[in-house]
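Here is a short briefing to read alongside the structure. Have the viewer open and follow along as the topics come up.

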Amino acid sequence: MSVAILGEAGAAGPPALQQPAPAVRSVALRVSGAKPVRLRGRLLAEGRSSAAGCIAWHEVELWQLEGSREVAVALRTRRPAAEAADVHRAEMFPDLAEALDWLEAFDPLADLMVDFDAADRRLSAVEVALRAAALRGRAEVVTREWRALLGDVLYALDVDPPA
């Protein structure tokens, strides 16, 4: 798990090591199945989670638009399975508080794929129950990783609010 908060002084790390505020730059935030969201802004925070053997993990970026209170959130769900493509989201919000509310309400399991068909008559009820229990366990790891990432981002933003 890694989180970088780019606040008033602009760089992650202790105040003595911080650099000037991050420059405003043009970015294109990917959106699965749609055109990218293009904006000019500065990166407020970014974070990544990943756990060995996890079936999905997340990457989050928060951008403040140039000359505005508006905040864009880029969220990528990474799914390492060969047949599963990553899912990219980009959402715009009038301010940081609404962006964080959206992140808190996000369901990290929404993009997971079920690797079996419970209606398959070739599977016994016991096998369906065992596969469902295994999937539930993997989903709990994804949820735990998401909650840890979100908690780190929220804590860091609360401790060192963006400019």
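**The start of helix α1**

Aspartate 95 caps the N-terminal end of α1, with a side-chain oxygen 3.3 Å from the backbone nitrogen of alanine 97. Please keep in mind that this is a predicted model. Along the sequence the protein follows the pattern β-β-β-β-β-β-α-α, which comes to two helices and six strands.

**Helix α1 and its buried face**

- Helix α1 covers residues 96-105, and Leu96, Ala99, Leu100 and Leu103 are buried in it.
- Looking down the axis of α1, its buried residues fall within an arc of 95 degrees, so they line one face of the helix.
- A helix has 3.6 residues a turn, so residues three or four places apart point the same way.

**The nonpolar cores**

- The largest nonpolar core has 18 residues, and those with the most contacts inside it are Val60, Leu62, Val73, Leu96, Leu103 and Trp146.
- Two or more residues of this core come from each of β3 (37-48), β4 (57-65), β5 (71-78), α1 and α2 (125-159).
- Helix α2 gives the most to this core, with five residues.
- A second, separate core has nine residues, among them Val27, Leu29, Leu39 and Trp63.
- What does leucine 103 touch, leaving aside its neighbours within four places in sequence? Leucine 103 is in contact with Val60, Leu62, Val73, Trp146 and Leu150.
- In soluble globular proteins, nonpolar side chains tend to be buried together.

**Strand β5 and its partners**

- Six of the eight residues of β5 are buried, so this strand is largely enclosed by the rest of the structure.
- On one pairing, β4 and β5 run antiparallel and are joined by eight bridges; here glutamate 59 has arginine 76 in β5 as its bridge partner.
- The hairpin of β4 and β5 has five residues between the strands, and glycine 67 takes a positive phi near 65 degrees there.
- In another pairing, β5 and β6 (residues 87-93) are antiparallel over seven bridges.
- Valine 73 stands opposite glutamate 91 in β6; valine 73 is also listed among the residues with the most contacts inside the largest nonpolar core.

- Leaving aside neighbours within four places in sequence, threonine 77 is in contact with Ala56, Trp57, His58, Asp86, Val87, Arg89, Phe106 and Asp111.
- Arginine 79 lies in the loop between β5 and β6.
- With a relative accessible area of 14%, arginine 79 counts as buried, because the cut-off for buried is under 20%.
- Not counting residues up to four places away in sequence, arginine 79 touches Ile55, Ala56, Ala84, Ala85, Asp86, Val87, Asp111 and Met113.
- Arginine 79 and aspartate 111 are 32 residues apart in sequence, with their C-alpha atoms 8.7 Å apart in space.

**The whole chain**

- The protein has 163 residues, of which 39% count as buried.
- Taking contacts between residues at least 6 apart in sequence, 49% join residues at least 24 apart.

Note on methods. Residues numbered from 1 in each chain as written. Predicted model: local features only at pLDDT ≥ 70, side-chain atom pairs only at ≥ 80, totals over all residues. Heavy atoms only, no water. Buried < 20%, exposed > 50% of the residue type's maximum accessible area, 1.4 Å probe, protein only. Helix = DSSP H or I, 4+ residues; strand = E, 2+ residues; numbered from the N terminus. Arc of directions from axis to C-beta. Polar contact = N/O pair within 3.5 Å; in protein donor to acceptor, adjacent residues only side chain to side chain. Contact = heavy atoms within 4.5 Å. Core = buried A, V, L, I, M, F, W, Y, C linked by side-chain atoms within 4.5 Å. Pairing = 2+ DSSP bridges.
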